[in-house]
Amino acid sequence: MQSSIQRMVSDGTLQFIDLAIEYIDKVNVKVSVDDVPIGAPGSGTPYTYEWITDTRIKITPVVPLAGIVVLRRVTPTLKMYHVYDDGATFSIC
């Protein structure tokens with residue numbers, strides 16, 4: 001699997017996160033707080049998150065001071081994506 005990671009340490013007010021990683025499908029972006037995935041069954045995490053825009057996520061409640069939020073893009077290799085609209089080129093070998 002291909003992945004990209006964005007990591008933030010809370011200053012005690014962290015709630016909105018602007019994504020710095022690229023993705024094609026929102027389901028491939030995983031969010032965790034202090035190494036506990038948000039939304040994982042049985043995780044017991046008190047956090048939820050929602051997409052505000054295509055590049056902004058809101059975490060509820062506010063992440064406390066020194067809490068670590070990780071956004072991870074995980075793209076399954078069994079379902080490869082390619083964006084042709086951006087002018088991707090092919091090389092003849």
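How many of the 5 residues of β3 are buried? The legends below start there, and the model they describe is a predicted one.

**View 1. Strand β3 is mostly covered.** The count is 4 buried residues out of 5. One partner of β3 is β7, an antiparallel neighbour joined to it by 5 bridges. Look for V31 here: its opposite number in β7 is L71.

**View 2. β3 and β4 make a hairpin.** These two strands also run antiparallel, with 2 bridges joining them. Across the pair, S32 faces P37 of β4 as its opposite residue. The turn has 2 residues, and D34 in it shows a positive phi of about 50 degrees.

**View 3. D35 sits in the loop between β3 (29-33) and β4 (36-37).** Its phi is near 70 degrees, which is positive even though D35 isn't a glycine. That's worth a look because most residues other than glycine have a negative phi. Is D35 buried or exposed? D35 is exposed, with a relative accessible area of 73%.

View 4. Within β6, which covers residues 56-63, you'll find P61.

View 5. Among the elements, β1 (residues 2-9) has the lowest mean, 86, while β2 (residues 14-18) has the highest, 97.

Conventions
Residues numbered from 1 in each chain as written. Predicted model: local features only at pLDDT ≥ 70, side-chain atom pairs only at ≥ 80, totals over all residues. Heavy atoms only, no water. Buried < 20%, exposed > 50% of the residue type's maximum accessible area, 1.4 Å probe, protein only. pLDDT = per-residue confidence, 0-100. Pairing = 2+ DSSP bridges.
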